[in-house]
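Please read this report alongside the model.

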Amino acid sequence: MKKTIALAAIACAAMQMQAQDITKGMRFGAEFGIGTQVELNVRGEYAFNKYLSWDVLTAKYAHELDDPNANKIGIKTGLRGYSPVLFSNVRALMAIDLGYTGSTWEESDWNSAFGMDLTVGLNVYKGLYFGYGFSFDRYKHGKDKDHTFRIGYLF
């Protein structure tokens, strides 16, 4: 009997811990990435439920490491999905954001293009997550693909 009560108490505590991490409604996030470029993203995210969110607006600044004159600014929107808890409150996540990216290079003043960001990673503790980021910006000239390691936090 004591074992059954102990197991029930542990199950209830685990469900309460998981329920505290689920937030419906608007929340904000910040993300830092480093790889072929250094980037800083801020976003507003609307959570529909514990598995699906809409990145309402993502603002991104990126600086190319191989070209000191290359800077990018992006405005995007997209979807973010979360898996069920895999183990110990760790969940997988995937996000895809589409929108506009503008950039400067030494040869040109301002270029604008279609931009896409893909993030795949793990939500490891409440709002803290890390993962791999892939950015694609379709320019007529210049580099259009970037790979980064991203770390972020949801407030």
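Two strands pair if DSSP finds at least two bridges between them. Helices (H or I, at least four residues) and strands (E, at least two) are DSSP runs, numbered from the N terminus. This is a predicted model, where local features need pLDDT of at least 70, side-chain atom pairs count only at pLDDT 80 or more, and totals for chains, interfaces and linings use all residues. Residues are numbered from 1 along each chain as its sequence is written, and side-chain values use heavy atoms, with hydrogens and water left out.

**Confidence.** pLDDT is the predictor's confidence in each residue, from 0 to 100. The protein chain has a mean pLDDT of 82. Of its residues, 79% reach 70 or more. Over residues 12-20, pLDDT stays under 50. For that stretch the model has four contacts (heavy atoms within 4.5 Å) beyond four places in sequence.

**Strand 1.** Which way do strand 1 and strand 2 run? They are antiparallel, and 10 bridges join residues 25-35 to residues 37-47. A hairpin links strand 1 to strand 2 through one residue. Strand 1 also runs antiparallel to strand 8 (residues 145-154), with seven bridges. Gly-33 has Glu-39 as its bridge partner in strand 2. In strand 8, Gly-33 stands opposite Arg-150.

**Positive phi.** Ser-88 and Lys-126 are not glycines, yet each has a positive phi.
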